[in-house]
Amino acid sequence: MAQAIGIDLGTTNSVVSFLRGGKPEIIPNRFGKNITPSAVFLPDSDSVIVGEPAKSRAEQYADKTFISVKRRMGTNYRRTVNDKEYAPEEISAMILRTLKKDAEEFLGEEVTQAVVTVPANFNSTERQATKIAGEIAGLEVLRVVNEPTAAALAYGHLNQLSQIVLVFDLGGGTFDISVVFAEGNMYDVLFSLGDNRLGGDDFNMHFLGYLVDHLKKEHGLDVSGDKNLLRKVRQEAVKAKHNLTKRETARIYIPEIGTSGGKRVDLDLTINREKFKEIVQPLLERIKQYAHKVVEELKQPKYTQRYADFLGEKLEKCDVILVGGESRVIAVQETLAQEFHGRMFSNINPDEVVAMGAAVQAGILTHHSDVRDIVLVDSTSLSLGTEVVGGGFSVIVPANTPLPVTRTQDYYTVHDNQTSVNVGVYQGESSIAKQNKLLGEFGLNGVPPRPSGQVPILLTYDLDANDILHVEARDKETGRRAEITIKGSQTIPQQEVERMKQEAAQMEQQNVETLRVNRLREKAESLIQESKAIQNMLSSVVHPDYLEKLDNAIKAIQAALRKSDVEEIDRCFYDLYHLIPDENAQEPSISMNVDSCGGFRANEWGRLEIRLLNQGQGAALQVQVTISGATKEKQTGAVAAVYPGSSQIIPLSICPVNPGNAVPISIMVEYQDEAGIPFLVKQEASLEVAYADQPISNATKTVISIGEIINHTGVGNVQSRQQVSGDNVVGSKVGDIVATRSNVSIGNETTPSMATEDTKMSSPKQQETICGKCQAFVPSGFAFCGKCGSKLALTCSNCGSEIPDGFQFCGKCGTKVGS
């Protein structure tokens, strides 16, 4: 019988394994390496290059190279290369076909069967897409297995594990923590938490950002706009990160990286583990938050009641398995140890352990002689799930899931002030619930009335080895619950199972279209409500042009809904969607301090210094300050960006036309967040201006009074327009400049603050800069993606790639901007 293999189809790298002598072994590729980069290069319409040769061409031929395509599996993403359109499944199939050929050359026989792994949080569409990719590659995919399950299976096959295993998987592009219940030969993922935007690439980018900032601060050399220098620095950063997993310090050295002030600049820096930990601390905090969520979830009664003997007070009875190359980082292991107190296993190469577990699973399914003593547990014959808005079937327990199994999933109310929820329990493979078999239904009452989407309902399906299905719905806010028990859900004749599967397959295309229309309409109507709320919330602070765009987009999608034009609804939906700020993004918070180097006389030029401070978490970009009013002409100053924790001073000269105690001026601050949302804040102010023939007292400065005098620093008596409680407002004779320093914050309120208060406005949360090519995190201000070399922001006229404002060349095709 031909050998079945196990494949870890990874975001960044892929690995293939097989069983020999009862133990899993890694199959090297044609270059003798155990790991094959998940990269595909298409030089022309007839050629395909996979692996390291493709990865090495990613920067030079970015428009013809695919990387991190796993993140696109199961989506409508399409990309045209060499006049041909490719789907993610086709590109993944090219990777799988290469792994298959490498395995065949190594084993000396044809390979037709494989077990392929996927992240635990992959949905049924993503899993099906993975299976399709395998079939395109000429493989019979015996099973699509969760990566944490495979890792636990590999360790369990070679080690004696506890019954509750925590699988920590930190790869190149994704991160998750899965809790696996291991009993005998059965491995069941109880739940998983994770972040598809956190991985080794993000550690590399944070380290790279630190080194680029070091060069700028210490040597005055800015390499962020040079993709070749950026690549060199990134390579050294990655090498140093790897070295720090083996020793306490690592040296970063690049001779003659550039020149600054006519002098040669070398990058020569020694980093220790503590410093590296400080650099990547924001990422470690995110990991710690997820680890803490796992700990808190395991304290829930549904786990403590069933698994109390296997947990311990501080999870000291739970083993921790390290998976993914980034789990080697010492700072990551130390962070995990703070939350998890059990044994930590890393004796199997974390880059290879998932593939090894897949090989064990392949041996089990093919009854391999080396694992003949392992019993294959029963599994569900058809998927189990519930009906959701639009009539769709939401799968909670997929078909072929080993028994016993417990699955939980969060759902939300769909109507405002909804006080009850009806739960239908369905079984089948159709994407429309009512085309499947209804096993039972029940209601949950007493749900607190809230706006739609605000009340989470936790649905738990528990199917035991005796074919008893227990379904529970729980309102997470009040703790109210309802439940139903169904027996014999799996006692369906095989002929009936096959008939249901065939009917579902025949109807799938029509069902997909029906559901797409229903869901699109629901999503569109929900987005309209969200957009109107944002309009009201931001109307006083965002730029009128943005409000007009938002309003036009709302009107367009409303018109499409009235016409029931599906394609138009789809287009208008995404037009509107891309205008909405990301509620989970970081945000800038700008405050302003206005001061003068002296006073002002009528018809004479004087100098103002405006200091902008960003106290938020995100960058404020394209910042512009304009002063207008009773002056000879409008004056404008600008800075490219104000980064978090930094400040910028903008000097402006103005010439008041007339003297007086209240010469009106207007201060306008404009900026964008990283998502491109423009903000406009106007504030009326006034100046105390001396007559042309009167001196300006040395003891006084300019009054910049934003509705009131905030802090007074002068001497003598003064006639003030407004007495501020608590301030000792004094000056000299009438006509002199009053000494004042005013701190003005741009805040949620644009009205003046009291004497000791700041007014703040936080802009809508903005998105982290994500490379449109490979989806890697890129620190604000970088010109190129440190992972794939792609430029950001503006659109290249040749290849359509995005390029930042002010840069000269496209990072993908090298085309000069404007050519």
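**Figure 1. Helices H5 and H6 cross at roughly 115° in this predicted model.** The axes of H5 (residues 200-219) and H6 come within 9 Å. The crossing of these two helices is right-handed. On the H5 side, the contact is formed by Gly200, Asp201, Phe203, Asn204, Phe207, Leu208, Leu211 and Val212. Their partners in H6 are Leu230, Val233, Arg234, Ala237, Val238, Ala240 and Lys241. Sorted by class, the residues of this contact comprise ten nonpolar, two polar and three charged.

**Figure 2. Lysine 241 is a buried residue of helix H6.** Helix H6 spans residues 227-243 and includes lysine 241. The relative accessible area of lysine 241 is 4%, and this residue is buried because the value lies under the 20% limit. The side chain of lysine 241 forms a polar contact of 2.7 Å with the side chain of asparagine 204. Asparagine 204 is also among the H5 residues that meet H6. With residues up to four places away in sequence left aside, lysine 241 touches Gly200, Phe203, Asn204, Phe207, Phe276 and Glu326.

**Figure 3. Helices H8 and H10 pack at an angle of about 30°.** H8 covers residues 281-297 and H10 covers residues 330-339, and their axes are 9 Å apart. Because the angle is under 35 degrees, H8 is roughly parallel to H10. The two helices make a right-handed crossing. From H8, the residues in contact are Leu284, Ile287, Lys288, Ala291, His292 and Val295. These residues meet Ala331, Val332, Thr335, Leu336, Gln338 and Glu339 of H10. The contact of H8 with H10 consists of seven nonpolar, three polar and two charged residues.

**Figure 4. Helices H13 and H14 pack at an angle of about 160°.** H13 is made up of residues 544-563 and H14 of residues 566-577, with a distance of 9 Å between their axes. An angle over 145 degrees counts as roughly antiparallel, so this description applies to H13 and H14. H13 passes H14 in a left-handed crossing. The contact involves Leu550, Ala553, Ile554, Ala556, Ile557, Ala560 and Leu561 of H13. H14 contributes Glu568, Ile569, Cys572, Phe573 and Leu576. By class, eleven residues of the contact between H13 and H14 are nonpolar, none is polar and one is charged.

**Figure 5. Asparagine 82 and aspartate 83 each have a positive phi in the loop between strands E8 and E9.** Most residues other than glycine have a negative phi. Asparagine 82, which is not a glycine, has a positive phi of about 55°. The loop that holds asparagine 82 runs between strand E8 (79-81) and strand E9 (84-86). Aspartate 83 lies in the loop between E8 and E9. For aspartate 83, likewise not a glycine, phi is positive at about 65°. Asparagine 82 has a relative accessibility of 25% and therefore counts as partly exposed. The relative accessibility of aspartate 83 is 81%, so this residue counts as exposed, the limit being over 50%.

Terms used: Residues numbered from 1 in each chain as written. Predicted model: local features only at pLDDT ≥ 70, side-chain atom pairs only at ≥ 80, totals over all residues. Heavy atoms only, no water. Axes fitted to C-alpha atoms, helices over the stretch in contact; angles between N-to-C directions. Helix = DSSP H or I, 4+ residues; strand = E, 2+ residues; numbered from the N terminus. Parallel < 35°, antiparallel > 145°, perpendicular 65-115°, else oblique. Left-handed = near helix turned anticlockwise from the far one by under 90°. Contact = heavy atoms within 4.5 Å. Nonpolar A, V, L, I, M, F, W, Y, C, P; charged D, E, K, R; others polar. Buried < 20%, exposed > 50% of the residue type's maximum accessible area, 1.4 Å probe, protein only. Polar contact = N/O pair within 3.5 Å; in protein donor to acceptor, adjacent residues only side chain to side chain.
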